[in-house]
Amino acid sequence: MAKRRGKRRGKRRGESLTLRYAILGAWALFCLMPVLWFLSIGLRPRTEIITPQPIYLPSFSLDAWHMIWEDWPMARYLRNSVAAIIGSVVIDLVLAIPAAYSLSRFEYRGRDDIGFYILSTRMMAPAIVAVPIFFLFRNLGLLDTIWALMLIYAAINLSFVTWIIRSYMLDIPKELEDAAKTDGAGELRILWEIIIPAVLPGIITAAVIAMIFAINEFLFTLLIASTPEAYTMSVALANFTGGSDGIIYNAIALVAFLAFLPVFLVVVAIQKHLSRGLTMGAVKG
Amino acid sequence: MNKPANSHAGATPVASACAPGRTFRRRSKCLRNALPYLLVAPAVLYLMLITLYPGVFAVTQSFHEVKFGPWKPVGFANYAKLLGDHQFWGALRNTFVIGSISLVLQCLIALALAFYAYRDPWVKGWRIVFLIPMLFMPSAVAFIYKLAFLDARVIADLLIRLGFIDDNIGFQSSIWLSRGILILADVWQWTPFLFIIFVAALQGQDEEIEEAARLDGASWYAIFWNISLPMMMPVIIVALILRAIDITTMFANVFIITKGGPAFGTETISYFIYRTGFKFFNFGYASAASVVMLFITIVVAQLVVKRAFVSARS
């Protein structure tokens, strides 16, 4: 009986379960404490944030909730974020799916170099291209527009969206394709009718990860969106510093929490594919 | 792009000829050869726009003095100045110091956690809990750490209550404590990234080998050290490279928490470029720094990353 229980818990010889749960539990606590702190900041009145002695049990208040909707154009920031993110993901998929198809299902000269070039753009520090990109968008008259954000988010994410989808496409058995070919289907019809349905989980994973990176993007958004016209949530937060009022922490915490919830739900839904997506397909989760 | 040299007029109306649903039995040979290039071309052209164009632009601009008026050619003056600029070298060193400490900590913690979690019956639960920090906006995380350490002094207060220290700590005035905040925030938020990947790698390993070693009397740490770890190596390297790229480009935390201070002790290279270009409007000089970084990136990419990704895939 004891042996079976040990096996069920994945216990190894000489390993202490107490130690295992102590370590995992301690890290879980470390993960969650700042989150609770977030929530407690978001739901307390402004007067109880920065005090001579920190207040651990604050009074409950919806100050921040009223502030973000009434004092700031939060609806516009939200709309900007959503529009820029969805637009960028659409651009990415339109460009990445054919590219991944080409890189995974064809043999041709220069293919691996092209693939590596696409991958290598992921290594470019945003700060390196920040100055030229700023001038590019200024000359195009796109500064302070969500179009610029859409284009730049798409560019940042394109490399790994392509590589994730490519990795899933490599897994499709060649026979499936050959069968369709003998039926006289052309390559593009095969892509549309066989490949895309087969790699749908990969496409969704790539889209979710691209969405998260786009929400988080900070430096470019800061440079491109210099007026509230084009602020997204991420940069709007950094500007919640109402002059003499100082940094408005409770509004920041509440907005961050509200933005976290939908992302959390989506990520839990694709949990199984996450490790593969995060390594651009290098790990088969 | 690299279209085959022998492609003739047939290659032009490709887009319409390739509409889904049409058969290709009578299609010419050159079109068949061009198809994979045509499929990948839009993505490559798009990426060139944000890498090649800025690259050329930055190199050109780096040989000019660009402040408010027209560009003034100055030859190698920007690079010469860069060589003697303590703040630039300091920023490189800070990026390396903060980045490597943070990366080593994250890797060790994630390995330990993954090792304890992957055979646990509640591994899915642990994964969801550990994932949470990664899903908060980095700018908001930066503010919350700034609040806890600096503005509301919660951490100092807790340490006093627990009896570790007697007096308030000036996190803001110590270089190493400021670096510590950046490292802690990064470890908190991004250890899960490595954890998730490592757990997947451990779960994917062949259980029979592990079982055979166990029956031979090998202890669990010997199994981990001699079997699991070497098997995971390619994955660990890929994961660390991806993490290293993001750490070296750390910006939001520096921008929000420390502003590079005290005494430029936490100024990373990204923040240096931002400050030079967008606060002092010295764009030519910022571009020179960008070009140096670009050069380092390309060298590292060719030497390390290419090899790592190839070995992880095979």
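1. pLDDT is the predictor's confidence in each residue, on a scale from 0 to 100. The model discussed here is predicted, and chain B averages a pLDDT of 83, with 89% of the residues scoring at least 70. For the complex, the predictor gives an ipTM of 0.85 and a pTM of 0.85.

2. Where pLDDT is low, the predicted coordinates should not be read in detail.

3. The domain assignment divides chain B into domain 1 (9-62) and domain 2 (78-313). The C-alpha centres of these two domains of chain B lie 37 Å apart. Contact between them involves 5 residues of domain 1 of chain B and 8 residues of domain 2 of chain B. On the domain 1 side of chain B, the touching residues comprise 2 nonpolar, 3 polar and no charged.

4. For chain A, the domain assignment gives domain 1 (2-65) and domain 2 (66-278). Their centres, taken over C-alpha atoms, are separated by 31 Å. Here 11 residues of domain 1 of chain A are in contact with 11 residues of domain 2 of chain A. On the domain 1 side of chain A, α2 (17-42) and α3 (63-70) of chain A each supply at least two residues, and α2(A) gives the most, with 4 residues. By class, that side of chain A has 7 nonpolar, 1 polar and 3 charged residues.

5. Between the chains, 92 residues of chain B are in contact with 92 residues of chain A. Helix α2 (residues 29-62) of chain B gives the most to the chain B side, with 15 residues. The side of chain B that touches chain A has 67 nonpolar, 14 polar and 11 charged residues. The next two points take up helix pairs that include α2(B).

6. How do helix α7 (residues 146-170) of chain A and α2(B) pack, in terms of angle? The angle is about 140 degrees, and the axes of α7(A) and α2(B) are 10 Å apart. Angles over 145 degrees count as roughly antiparallel; α7(A) and α2(B) are therefore oblique to each other. Their crossing is left-handed. From α7(A), the contact is made by A:A155, A:L158 and A:T162, and from α2(B) by B:A43, B:Y46, B:L47 and B:I50. The contact of α7(A) with α2(B) has 6 nonpolar residues, 1 polar and no charged.

7. Helix α5 (residues 111-120) of chain A also packs with α2(B), at an angle of about 40 degrees and with the axes 10 Å apart. Angles under 35 degrees count as roughly parallel, so the angle makes α5(A) oblique to α2(B). The crossing of α5(A) and α2(B) is left-handed. Residues A:I114, A:Y117 and A:I118 in α5(A) meet B:V40, B:A43, B:V44 and B:L47 in α2(B). The contact of α5(A) with α2(B) is made up of 7 nonpolar residues, with no polar and no charged.

Key:
Residues numbered from 1 in each chain as written. Chains lettered and ligands numbered in written order. Predicted model: local features only at pLDDT ≥ 70, side-chain atom pairs only at ≥ 80, totals over all residues. Domains from an automatic or database assignment. Contact = placed C-beta atoms within 7 Å. Nonpolar A, V, L, I, M, F, W, Y, C, P; charged D, E, K, R; others polar. Axes fitted to C-alpha atoms, helices over the stretch in contact; angles between N-to-C directions. Parallel < 35°, antiparallel > 145°, perpendicular 65-115°, else oblique. Left-handed = near helix turned anticlockwise from the far one by under 90°.
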